[in-house]
Amino acid sequence: MDFKKKQTEANLKPGDRTVPERKIPVPHRDISERAQEMIAAPYNVFIDWNLNPPTKDDWSKIVTKVSESSAPAVNKLIEDLGLTVEQLQIGGVKCYRLTPENIPENHRKQLVIVAHGGAYVYAPGIGSVREAAMFAAFGGYTTISVDYSLSYENPFPGAIEDMIDVWRAILTEYDPRSVAMTGTSAGGGLIMATILKIKELGLGMPAAIAPSSPWADLTETGDSYKTNEWLDNILVSYSGYLGLAAKLYANGNDLSHPLLSPINGNLEGFPPTILTSGTRDLFLSNTVRSHRKLRRARVPAQLHIYEGISHSQLSFDPDLPETREAYGEIAAFFDQYLIW
């Protein structure tokens, strides 16, 4: 039977779509050569997407091994970007302050708080500062990377409690109108959940936020969980460690709870928000749905989607032109809303 006819007949009835097995070529237009290499790379070589640690102790051992192996690269990144890094306690929570050599005049009294990614289970210690380091360098801000509680030690709501403790302490030193928050993946979801908690507590709001590819829904809800499954070469599939990490963080709580899946919360009153994702990102729908819900809540919100990019790849490589472009877009957005 003719392929087109066969495909048409397979989808004659309303309901789920049937798609054929197919190869997706690497895009070559309007995208850097370095990005093309990243897109063509095999599945995540740093963290096995299909890990299945049976216990919290097994999670701890894996995370420790990954952290130890990645630490030299993170330290080199800090050195190459010319940053000063200082470990400190803020509100009783371990944090890292990263300061670039040159800070623009309009950024000198501003601060960006960063919640790192890693499915709420990866990137403790110095490994937590990669995103904050690049934002400090490319955005020209002093950044605070929060080394929040990880789920195998202190699950939900531990990470949110840490973020709130940091925020309360920051409010004693900074005008909240001069502070922004950003984070990728779990960090993006955590930023959104933190804003919901700040609303609940009646605390001052940051001036703007930038949740990139946020894990805004811990359930497997949204088109791209299926349309980009096996295409995203970082997360690959919810059926790997990702679904297990969601349950580990939730600690028996309903995954759809708004502080776990902030897409389900009331987003009215959120700060102006810029969201970033890629066309191959497993969390593309998380990002798109968050943007639409923010717009419906009358929150100023921008959505930036990069061709061919898989999950959180814009936070990996400091030499990727698209990475510098994305951080530049976020900094320009913050410039519209942060006072100085």
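1. A helix crossing is called left-handed if the near helix is turned anticlockwise from the far one by less than a right angle, and right-handed if clockwise. The crossing of helix 5 and helix 6 is right-handed. Helices here are DSSP runs (H or I, at least four residues), numbered from the N terminus.

2. This is a predicted model, in which local features need pLDDT of at least 70 and side-chain atom pairs count only at pLDDT 80 or more, while totals for chains, interfaces and linings use all residues. Residues are numbered from 1 along each chain as its sequence is written, and side-chain values use heavy atoms, with hydrogens and water left out.

3. Axes are lines fitted to C-alpha atoms, for helices over the stretch in contact, and angles run from 0 to 180 degrees between N-to-C directions.

4. On the helix 5 side, A159, I160, M163, I164, W167 and R168 meet L190, I191, A193, T194, K197, I198 and L201 of helix 6. Contact means heavy atoms within 4.5 Å. This contact of helix 5 with helix 6 has 10 nonpolar, 1 polar and 2 charged residues. Nonpolar covers Ala, Val, Leu, Ile, Met, Phe, Trp, Tyr, Cys and Pro; charged covers Asp, Glu, Lys and Arg; the others, Gly among them, are polar.

5. The axes of helix 4 (residues 130-139) and helix 10 (residues 321-337) come within 9 Å and cross at roughly 70°. These two helices are therefore roughly perpendicular to each other, a term for angles of 65 to 115 degrees. Helix 4 uses E131, M134, F135, F138 and G139 in the contact, and helix 10 uses T323, R324, Y327, I330, A331 and F334. By class, there are 7 nonpolar, 2 polar and 2 charged residues.

6. The largest pocket holds about 1100 Å³ of space. A pocket is an open set of points on a 1 Å grid over the protein atoms alone, where a 1.4 Å probe fits, with protein on both sides within 12 Å along at least five of seven lines; lining residues have an atom within 4 Å of a point. Volume is the space filled by probe spheres set on the points, which are joined across faces, edges and corners.

7. The lining of the largest pocket has 42 residues, with N44, F46, I47, R130 and F316 nearest its centre. Helix 3 gives the most, 9 residues. By class, this lining has 21 nonpolar, 16 polar and 5 charged residues.

Methods:
Angles under 35 degrees count as roughly parallel, over 145 as roughly antiparallel, 65 to 115 as roughly perpendicular and the rest as oblique.
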